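Subject: Handover of a structure and findings

Dear colleague,

Please find below the structure that I am handing over to you. The findings follow directly after it.

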Amino acid sequence: MNEDIEEQATSEDDVDKDMDDLENEDDLENENDLANDGNDLVGEEIQAQQPENEENHEVTQARNETVRIVSKRKRGPTRMAKVWAQEKGDRIPILVNEHGQPINDKNSHLTHFMGTLSRSGKYCPIYKPWNKVDAAKKKALLELLKTKFDIPEAGEKWILQSFGRKVKNWRARVKEYYHDPSLSVKQQISSRPKQVQKKQWKKLVKYWNKEKTKSLSEKNKENRAKKKMIQRTGKKSYARKREELKTSLGHDPSRLDLFSACFSKDGNTKNDDTANAIDEMKRLSDNLPNGHSDKPGPDDIFSTVMGKDRNGDAGMFGLGVRASDVWGVIPSRSACHRENNELKSRCGELTSENEQLRAQLSEKNGSTNSSIVPPLTSQHSPVVTNEPPRLRKFGSD
C-alpha cells in the first residue's frame, strides 16, 4: 500500500500549475496580454452563434451571455516574467529544511520558474532521461537559478531532482494531449506542439513507438490505476506540511501525523481506503504503552499499516529523502548474517597472527636472556657488573 502515498501531481514538488494549460497553447503568452485582448474573450463557439442581422439580435443575446461564461478563455502558460525582469543582484530567498527541501512560501516562485525551464528543452531535451543529461548542463541550470534565487548549497540536490521530475511530467503531459498512437509515425511527427523543438519531438515520437517503451507504458498505467489514496494538500508539498505540523505540535510529527494531515481535511477523506488506513493507525496509536513515542522508522505505526518503504525512500517525507537520512541504515537479516561470518573469520585470522607473534617474541626473549645470564657465584660473593651504580632519587621533601 505504501506506493499509494507518493506526492500527487498537484504538489509543488511534482508538477506546476501551467501544465494544465497545454491544450490551450495558443492562448495568451502571459497575463499582461489580457489588457490587449479584452475584446477577444469570446471563443469560436460564440462567434458562430452571433446574429447575422439585427432581427435575431435580441433572440440570441441571452444565449450568448450564457455561452460567454462557459467558454471563457483560459490564461496561457506561465512565463514568470517578473522573475526574469528582476534587477541584477536581486534574488528571492529560499529556505530549506535539514533534508535540503524548500519550506517557505517563496518555493512556489522557484518551482514555477523551473517549470518554464523544464519545457524549454535547453537544459534537458524532452526525449532524454534526466539522469542521462551531462553534468555541465545541470551546473548551468543551477547557475541560472542562483541568479534569480538565493539558494542554500544544501538545496541543490533537491532542485536537480525536482527539475528532473518536472521534465518527466512535461513529457507525460505532452504525450497525453498530442500523441495519438493510432496514427502513422509520419502523422504523429506532424502533430508536434509548438513548444517542443522539431528535432526533439521527432526523437520522442520514435521512442514512444518502440515496443519496449509501449510495454513499459502499459505497465506503468496499470500500476498508476492501483493508487487509490489521494492527498488533500493541494500545491503544498509534504516538506512544507511537515514544517507546519512541527510548529503546531511543538515537536517533530510522526508519519501518522503527516499522513492524517496530508490525506484528510477536517476529518474527511477522498475515499474509504484512506479513511480506514487513518482509523487503523489511530487505533494502534491509542494502544501504545505510556511514554512510548511513534518515531519515524521501519517499524512505526505508518509502516505497520501501509507496508514497508519502497526503494529506500522515507514515505511521507517528500522528494529526495531516503530512509537512511531519517532513521539511519538498518541492515537486513542476510546482511547481518554475512557480516557476522566475516567478523568470525577475521577473528580467527587475528587469533592465529597473535599466536605467531607470541611464539616469535618468546623465542627472541629466550635467546636474549641466555646471553646476559651472569656467571654462577657463591651465595656470599657479590655480583660484579660493568654498569655504574644508579643514583637514588630524592623528592622535594
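Against which helices do the buried residues of α8 pack? They pack against α6 (156-178), α7 (185-190) and α9 (211-225). Please bear in mind throughout that this is a predicted model.

**The chain as a whole**

The protein chain contains 15 helices and 2 strands. Of its 397 residues, 34% are buried. Among the contacts with a separation of 6 or more, 68% are accounted for by residues 24 or more positions apart.

**Helix α8 and its surroundings**

Helix α8 covers residues 198-208, and its buried residues are Gln200, Trp201, Leu204, Val205 and Trp208. Because these buried residues fall within an arc of 135° when seen down the axis of α8, they line one face of the helix. In general, an α-helix has 3.6 residues a turn, so residues three or four places apart point the same way. On the other side of α8, Lys198 and Lys199 are exposed.

On the α6 side, the contact is made by Arg171, Val174, Lys175 and Tyr178, while α8 contributes Trp201, Leu204 and Trp208. Sorted by class, the contact of α6 with α8 has 5 nonpolar residues, 2 charged residues and no polar ones.

Lysine 175, which is placed in helix α6, deserves a separate word. This residue counts as partly exposed because its relative accessibility is 25%. Not counting residues up to four places away in sequence, lysine 175 touches Trp208 and Ser217. Lysine 175 and tryptophan 208 are 33 residues apart along the chain, and their C-alpha atoms are separated by 8.9 Å.

**Nonpolar cores**

The largest nonpolar core has 23 residues, of which Leu110, Leu117, Leu145, Phe149, Ile159 and Phe163 touch the most other members. The elements that give two or more residues to this core are α4 (107-118), α5 (135-148) and α6. Leaving aside neighbours within four places in sequence, isoleucine 159 is in contact with Leu110, Met114, Leu142, Leu145 and Ile151. A second, separate core has 17 residues, including Leu245, Cys262, Ile278 and Phe302. As a general matter, nonpolar side chains in soluble globular proteins tend to be buried together.

Most residues other than glycine have a negative phi. Asparagine 311 is not a glycine, yet it has a positive phi of about 55°. Asparagine 311 lies in the loop between α13 (301-306) and α14 (323-327). Methionine 316 is likewise placed in the loop between α13 and α14, and its phi is positive as well, at about 75°, although it is not a glycine.

Is each of these residues buried or exposed? Asparagine 311 counts as exposed because its relative accessibility is 60%. Methionine 316, by contrast, is buried, with a relative accessible area of 2%.

With kind regards

Technical notes:
Residues numbered from 1 in each chain as written. Predicted model: local features only at pLDDT ≥ 70, side-chain atom pairs only at ≥ 80, totals over all residues. Heavy atoms only, no water. Buried < 20%, exposed > 50% of the residue type's maximum accessible area, 1.4 Å probe, protein only. Helix = DSSP H or I, 4+ residues; strand = E, 2+ residues; numbered from the N terminus. Arc of directions from axis to C-beta. Contact = heavy atoms within 4.5 Å. Nonpolar A, V, L, I, M, F, W, Y, C, P; charged D, E, K, R; others polar. Core = buried A, V, L, I, M, F, W, Y, C linked by side-chain atoms within 4.5 Å.
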